[in-house]
Amino acid sequence: MDLLSDGSYDSGQNGQRQSRLASGFFITFEGGEGAGKSTQIARLARRMRAKKYEVLVTREPGGSPGAEAVRHVLLSGAAEPFGPKMEAILFAAARSDHVEQVIRPAVEHGSIVLCDRFIDSSRVYQGVTGGLDTDFMQALEAVAINGMMPDMTLIFDIDPAEGLKRAAARRGAGDAADRFEKETLAIHRRRREAFLAIAEAEPERCIVVDASADPDTVEHVVTAAVFAALEKRVPTQRKQTAPA
Ligand code: TYD
């Protein structure tokens, strides 16, 4: 990843001239635990930079110094005792900062932004398995993103039993699962269904990727889908309700 220790991000230019798009492109990566999103984001970024696209890799919760400060509170479980509503608002606060400080400026500059998790994680983890009211979640989402909808969302689909195994292997024996990963398999199964339901409801934005395949196969699928979308993209007119 390109996350720097101060919570800012390296655009990966390494002094090389990169070509900017006339309008940027905002791609989000979603799915359950251990689906391999970050590996695939890194591979895609590498391929895009090889083609001289200007790429920014970022993640949630976090991605801006303000949001990174909230990340620890959420993932350590420090906010869990205060309930899912409190957590949802904290995710939204972090997202708002990330959108205004990092994502919107990069997209307006003409970069391709690759973001590991975004609104669909809140819809699924807080909305569906957190049991929060849909109207409340929609209102929160609107405030947090202020019109910055992703142009494209890749939903990494994997059997949660397999995903959790991968996530545990990645963590290593010494490290405990975080606040959300530690939940029951039944909850992770509901999350998988909820992500698939979003993909079905918004087919123009979402593509489901079979994340159980080997990494090279997944990379091939992701690359083909993203480059096809980039070729036929039309600049998104985003409605921003309030100045940043
Ligand atoms: P993290 O270790 O960053 O990533 P990943 O699981 O993608 O490798 O964990 C982020 C956790 O936060 C993950 O369990 C999903 C959860 N989450 C939410 O519950 N709501 C959100 O809005 C976001 C962005 C993440």
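This is a predicted model: local features need pLDDT of at least 70, side-chain atom pairs count only at pLDDT 80 or more; totals for chains, interfaces and linings use all residues.

**Entry 1: the ligand shell**

Which element gives the largest share of the shell around the ligand? I found that helix 4 does, with four residues. I counted 17 residues around the ligand in all, and the closest are E33, K37, R117, S122 and Q126.

I then sorted the shell by class. Nine of its residues are charged, five are nonpolar and three are polar.

**Entry 2: polar contacts and cover**

I looked up the side chains that reach the ligand with N or O atoms. For E33, a side-chain N or O atom is 2.8 Å from a ligand oxygen. For R117, the distance from a side-chain N or O atom to an oxygen of the ligand is 2.7 Å. Q126 places a polar side-chain atom 2.7 Å from a ligand nitrogen.

How much of the ligand's accessible area does the protein cover? I noted 92% of the 550 Å² that the ligand has on its own. I also checked where the ligand sits, and the answer is the largest pocket. Helix 2 (65-75), helix 3 (84-109) and helix 4 (119-128) are the elements that give two or more residues to the shell.

**Entry 3: the largest cavity**

The largest cavity holds about 110 Å³ of space. I listed 14 lining residues, with G32, E33, I158, P160 and R192 nearest the centre. Two or more residues each come from strand 4 (152-157), helix 6 (160-171) and helix 7 (185-201). Helix 7 gives the most, four residues. By class, I counted seven nonpolar, four charged and three polar residues in this lining.

I put the second largest cavity at about 80 Å³. Its lining includes A88, A92, R95, I119, S122 and R123, along with M137, L140, E141 and A144. Helix 3, helix 4 and helix 5 (134-145) give two or more residues each, and helix 5 has the largest share with four. I sorted this lining into six nonpolar, three charged and one polar residue.

Technical notes. Residues are numbered from 1 along each chain as its sequence is written. Side-chain values use heavy atoms; hydrogens and water are left out. A residue is near a molecule or strand if one of its heavy atoms lies within 4 Å of it. A polar contact is a pair of N or O atoms within 3.5 Å; within protein, one must be able to donate a hydrogen and the other to accept it, and residues adjacent in sequence count only if both atoms are side-chain atoms. Accessible areas come from the Shrake-Rupley method with a 1.4 Å probe; for residues, only the protein chains shown count as cover. On a 1 Å grid over the protein atoms alone, a cavity is a set of points where a 1.4 Å probe fits but cannot get out, and a pocket is an open set with protein on both sides within 12 Å along at least five of seven lines; lining residues have an atom within 4 Å of a point. A molecule sits in a cavity or pocket if more than half of its atoms lie within 2 Å of its grid points. Ala, Val, Leu, Ile, Met, Phe, Trp, Tyr, Cys and Pro count as nonpolar, Asp, Glu, Lys and Arg as charged, and the others, Gly among them, as polar. Grid points are joined across faces, edges and corners, and a volume is the space filled by probe spheres set on the points.
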